[in-house]
Amino acid sequence: MGVSLLSTFTSLVNVPSLTISTTPTIRCPSNAVVIRCNKMDTDVPGENVLRRREVLKCFGATAGMELLASSGSFVEMASAADLIQRRQRSEFQSSIRQTLSAAIKGKPELIPYILTLALNDAITYDKATKSGGPNGSIRLSSEISRPENNGLSAALNLIEEAKQEIDSYSKGGPISFADLIPFAGQSAVKATFLASAIRKCGGNIEKGSILYSAYGSSGQWGLFDRQFGRTDSQEPDPEGRVPQWGKATVQEMKNKFSSIGLGPRQLAVMSAFLGPDQAATEALLATDPDVTPWVQKYQRSRETVSQTDYEVDLITTLTKLCSLGQQINYEAYTYPARKIELSKLKL
């Protein structure tokens, strides 16, 4: 330890020699001591007395310095443990993306339904009761069978199959549907971004991949990736919280998005999540004067090389949707680091 309590104590205050006197104690007049702002002044000239409050204050300061000096190792240990957990979660997420990407690549026709599945699971959030949200409850038979989820069973089956594979290599326990469904939505979104880049390159997959890597908005996913550690609900969310997107009016869609804190801008950018035919959905949304400017903005953005406005706003909106009402366990899926037995190391 770099600071000694006793050695520091004497350097902080001037301690006079303390002697035991047998003479009677001299009582000072009651007006001899004046207290001002925690500082003690005395009228007795030449008196050199170490007062108890000063001793306690100096002792507290010294002890605090010792604790500060000795806490470095604890801070370093905590930081190291945090870095290990971050690395473990990052590696796990990378493996999840690979599994989901391969599954989606095998069934690209399910992309629109995966997007709607992620939306319908998240948009059950109710601000008044702080219930619902992306809690994986859509996996339950009583919820997936509702009219608004008609046609989404195949997408859920793909996610369930991916979950079996992911759980087989997870070192930190099985992944929750509350985490896996949003990640499937993310993978589906990335697939649409990549497909757009490939189309801009005349169908050349290699050039399209390079274009997306160079101009895509992959770096915008940072906050989404940190929202990882949701817990599955064991009960279905209440009925009536999700519109049937194919039958809903634009006003009904606007009302629903408004109820969770989103507006016409977010409704327009989420057009791909509202049904299998994005063009038809946008044509409907464009009939509303509040939504029309945003529909046109994102259509123009998708025609650019980078489609930055569309990608960034979509990532931002999906991130918010997938964190509504959720308590994130930032230690989820982490595991104790394997201890190295020094005695077995060969030097």
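Trainee: How many cavities of 30 Å³ or more does the count come to?
Mentor: The count comes to one cavity of 30 Å³ or more. The model is a predicted one, and the space in its largest cavity is about 60 Å³.

Trainee: What makes a space a cavity and not a pocket?
Mentor: The way out decides: in a cavity a 1.4 Å probe fits but cannot get out, whereas a pocket is open. The space of about 60 Å³ is listed as the largest cavity, so by that rule the probe cannot get out of it.

Trainee: Which residues line the largest cavity?
Mentor: Its lining consists of Phe193, Ser196, Ala197, Lys200, Leu211, Tyr212, Tyr215, Gly216, Val305, Ser306, Gln307 and Glu311. H7 and H8 each contribute at least two residues to this lining, and the largest share, four residues, is from H7.

Trainee: What is the make-up of the largest cavity's lining by class?
Mentor: Six residues are nonpolar, four are polar and two are charged. Glu counts as charged, so Glu311, a lining residue, belongs to the charged class.

Trainee: Why is Glu311 called buried?
Mentor: The cut-off is under 20% relative accessible area. Glu311 has a value of 2%, so it is buried.

Trainee: Where does Glu311 lie, and which other residues of that helix are buried?
Mentor: Glu311 is in helix H14.

Trainee: How do you know what Glu311 touches, and which residues are they?
Mentor: A contact requires heavy atoms within 4.5 Å. Leaving aside residues up to four places away in sequence, Glu311 touches Phe193, Tyr212, Gly216, Ser217 and Ser306. Among these, Phe193, Tyr212, Gly216 and Ser306 also line the largest cavity.

Trainee: What makes the span of H14 close to the expected one?
Mentor: The helix has 14 residues and reaches 20 Å from its first C-alpha to its last. The expectation at 1.5 Å a residue is also 20 Å, and the span is close to it.

Trainee: What is the volume of the largest pocket, and which residues are closest to its centre?
Mentor: The largest pocket holds about 880 Å³ of space. It is lined by 34 residues, and Lys190, Ala191, Thr192, Phe193 and Ala195 are the closest to its centre. Helices H3, H4, H7, H8, H13 and H14 each give two or more residues to the lining. H7 provides the largest share, with 13 residues.

Trainee: What is the volume of the second largest pocket, and which residues are closest to its centre?
Mentor: The volume is about 350 Å³. Of 20 lining residues, Trp245, Gly246, Leu274, Gly275 and Pro276 are the closest to the centre. The elements giving two or more residues are H4 and H12. By class, this lining has 10 nonpolar, seven polar and three charged residues.

Trainee: What share of the whole chain is buried?
Mentor: Of the 347 residues, 40% are buried. The chain has 14 helices and two strands. Its accessible surface comes to about 20,400 Å², and 55% of that belongs to carbon and sulfur atoms.

Key: Residues are numbered from 1 along each chain as its sequence is written. This is a predicted model: local features need pLDDT of at least 70, side-chain atom pairs count only at pLDDT 80 or more; totals for chains, interfaces and linings use all residues. Side-chain values use heavy atoms; hydrogens and water are left out. On a 1 Å grid over the protein atoms alone, a cavity is a set of points where a 1.4 Å probe fits but cannot get out, and a pocket is an open set with protein on both sides within 12 Å along at least five of seven lines; lining residues have an atom within 4 Å of a point. Grid points are joined across faces, edges and corners, and a volume is the space filled by probe spheres set on the points. Buried means under 20% relative accessible area, exposed over 50%, partly exposed in between (1.4 Å probe, protein chains only). Accessible areas come from the Shrake-Rupley method with a 1.4 Å probe; for residues, only the protein chains shown count as cover. The expected span of a helix is 1.5 Å times one less than its number of residues.
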